[in-house]
Amino acid sequence: MLEKQDTFVEKLVTQVIKNLQVKISNIHIRYEDHVTNPNCPLSFGVSLQNLSLQTADENWTPCLLDEKSKLFYKIVRLDSLFAYWNVNSELYSNHSPDEALTFLKHSVAVQNMIPQDYDFIFRPISARAKLRMNPRSEVDFSAPKVDLVVDLPEVAVELNRPQYVSILELLGSVDMMSRNLPYRKYRPDIPVHTNAYQWWQYVITGILEVNVKPALHMWSWRHIREHRQKVKRYRELYKIKITSKKPTEELLRELEEPERTLDIFNITLARQQAEMEATKAGQRIYRPGMKAEEEESQGWFGWMWNWGSDDTAKEEVKTGGFDDLMTPAEKSKLYTAIGYSETAVNHNLPKDFEDMKINFQLISMSIAIKEHKDKPEIIKLAVSDLRAMLSQRPGAQAIKLTAQLTSFEVTGLQRLKQSPTLLSSRTVETDSTGPLLTVMFETNPLDECADQRLRVESQPLEIVYDAMTVNSMSAFFMPPQDLQLDELTNATRMKLEQFRDRTSTGLMYVIETQKVLDLKVNLMASYVIVPQTGFYDSTQNLVLLDLGHLKVTSMSREGLPQLCVGRDTIEDIMSRAYDNFDVQLSSLQFLYSKPDGDWKTARKQKQSDLHILEPMDVKVLFKRAMVVTDSRMPNIPLPESHPTPRTTTNIPAPPK
């Protein structure tokens, strides 16, 4: 498939990056607030010691740019980036500007010195990135256009109860300011004491002007008539504007007044009505920046030509305002300098050529929640060796994303100077040396067996219930009783509803446009332990739920004959309109064990005295309707009754 050459902007950006070197150091941004809680002022901010972008050679040694090199290399370095949220903080704003600047400078973390008087949100982070770029990737396939490797050694995120309460108090203060905003212009600038009359007048005036009068005025016949006349007048003026090649200054001034008073909905509606009326009347519509040949194509049947145009037609690459600001000779010199051509096109890119590769590695990350910064963690999540890789193959319009996680562990609240392990991997039971979790998603694979491919594999996990940790977490996130977040709660609810609607629409679009999915999910059997007293040790009775080994596999569609009208029945056609998935859940079991019971051995056995529910196997054949996108597929009406998914279950009889 022939692709266009890199656009003018892409070539310009590549050339800028090639010659760019950046160094940013000693940045400290801080916000202080003594209004939210005067008895406990807060401050939060972000600090950065160094951020640099340097040119390097092929050995990643900083050097000067070599113009003769086919590839160029950049090193990105990030040093000591951290964020903090201080409660009951010292306010630098109470000092002179010079003293405050000195405090900010001394608060920047360096490699061997970390400020101790800060409550960190995340501790100082340092990272390295290596960027290799191939400016001639459209003809030189030896290296990707962008090859980026990011190494992040360690990330430590912390949150304690005073920080959480302070964040909620700040959100409550913002919520109160949002509610008071419509009434602020009526608020008297005098103390409440000895000025009760003015403050009662403020209350009465604010309620009348903000809540009562607008509602009465909006639904009055006089306001409705004025609003209708204003919208009608604006529609007429806008129709004159779009049908005039050069609108007069007086017309533009008349349009400004209704555009200041009308809302965006009525302005958009009036403009659409004006354009529709002009189109029905056969008048020419002049748009800003429209060329003469484009103007000629507009008119009564203009929409018809656009509707019937070929979607695959090549569009001319536009370079913005350079055509008007530069002479042909100047443009020629600029295009030569950045390697851009207005007429050249890409060669046929190989389907296996990776134009972009991004590799990311996180050595370790921890998330800790504490009652106080000097106390042990209530809960701590630890992740180690997280790797991800994203690649793009433009020749096949394909992307590939892979991610793997080696270790994931969760510990709870200390008890007798020992932190219980709430979640941990159990790779020893499966004799596996692979990662804990592996995910791979790919579109348009090279073998062309499917349009999308998804692989998910995980090792077993041991999950332990700990009552003290759960109760402490519940108490930690309990908001103060005097805190109200009505405005923010309503705004968040509206955002969530919008996100839900968009997500539902997006999922429906994915389902309707889905072609062939090659799916394989293999989740090893994890289990949940619930001790009798809420704390797990060898002296407790416990209940164990084995979640079973889950496998989901898409059924192959290879070997099916081509559909033929007249030969195949409607049932054959309907069977090809479904994707088939084989879902298997094996060894699902429920056990009760006393302190002397060997539940680890009982899990591996089919029957034992510890089993409340013996191992159960479930197999389901799931069918999902798919849209046939093959242009050779005849347009045959399908019956209203669709075949139902077939389910087969193998469940042993319950024990006596």
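Of the contacts in this chain between residues at least 6 apart in sequence, 70% join residues at least 24 apart. The model you have here is predicted, and its chain has 16 helices and 19 strands. Buried residues make up 30% of the 656 residues. Here is a short tour of some places to look at.

**Helix H5 against helix H7**

- Helix H5 covers residues 221–242, and its axis comes within 8 Å of the axis of H7, with a crossing of roughly 50°.
- That angle makes H5 oblique to H7, and H5 passes H7 in a right-handed crossing.
- On the H5 side, the contact is made by His227, Val231, Tyr234, Arg235, Tyr238, Lys239 and Ile242.
- H7 brings Asn266, Ile267, Ala270, Arg271, Gln273, Ala274, Glu275, Glu277 and Ala278 to this contact.
- Sorted by class, the contact of H5 with H7 has eight nonpolar, three polar and five charged residues.

**Gln272 in helix H7**

- Gln272 sits in H7, the helix of residues 264–280.
- With a relative accessible area of 47%, Gln272 is partly exposed, because that class runs between 20% and 50%.
- From the C-alpha atom of Gln272 to that of Tyr238 the separation is 9.8 Å, and the two residues are 34 apart along the chain.

**Helix H5 against helix H6**

- H5 also packs with helix H6 (residues 249–261), at an angle of about 140° and with the axes 10 Å apart.
- H5 and H6 are therefore oblique to each other, and here H5 passes H6 in a left-handed crossing.
- From H5, the residues that meet H6 are Lys230, Arg233, Tyr234, Leu237, Tyr238, Ile240 and Lys241.
- Their partners in H6 are Leu251, Leu252, Glu254, Leu255, Pro258, Glu259 and Thr261.
- This contact of H5 with H6 divides into eight nonpolar residues, one polar and five charged.

**Aromatic pairs**

- The count of aromatic pairs comes to 15.
- One of them joins Phe82 and Tyr118, a tilted pair at 6.1 Å centre to centre with 50° between the planes.
- Phe82 belongs to strand E3 (residues 72–87) and Tyr118 to the loop between helix H2 (97–106) and strand E4 (120–133), so the pair ties together parts that are 36 residues apart in sequence.
- Phe82 is buried, with a relative accessible area of 0%, and Tyr118 counts as buried at 5% relative accessibility.
- Phe82 and Tyr118 form one aromatic cluster with Tyr84 and Phe120.

**Helix H13 and what covers it**

- Helix H13 spans residues 467–476, and its buried residues are Ala467, Thr469, Met473 and Phe476.
- Their cover includes strand E5 (146–160), helix H3 (161–180), strand E6 (356–370), strand E7 (377–393) and strand E9 (421–425).

- Gln361 has 18% relative accessibility and so counts as buried, because the cut-off is under 20%.
- Apart from neighbours within four places in sequence, the residues in contact with Gln361 are Val150, Asp151, Leu152, Asp385, Leu386 and Arg387.

How values were computed. Residues numbered from 1 in each chain as written. Predicted model: local features only at pLDDT ≥ 70, side-chain atom pairs only at ≥ 80, totals over all residues. Heavy atoms only, no water. Helix = DSSP H or I, 4+ residues; strand = E, 2+ residues; numbered from the N terminus. Buried < 20%, exposed > 50% of the residue type's maximum accessible area, 1.4 Å probe, protein only. Axes fitted to C-alpha atoms, helices over the stretch in contact; angles between N-to-C directions. Parallel < 35°, antiparallel > 145°, perpendicular 65-115°, else oblique. Left-handed = near helix turned anticlockwise from the far one by under 90°. Contact = heavy atoms within 4.5 Å. Nonpolar A, V, L, I, M, F, W, Y, C, P; charged D, E, K, R; others polar. Phe/Tyr/Trp six-rings, centres within 6.5 Å; stacked < 30°, edge-to-face > 60°.
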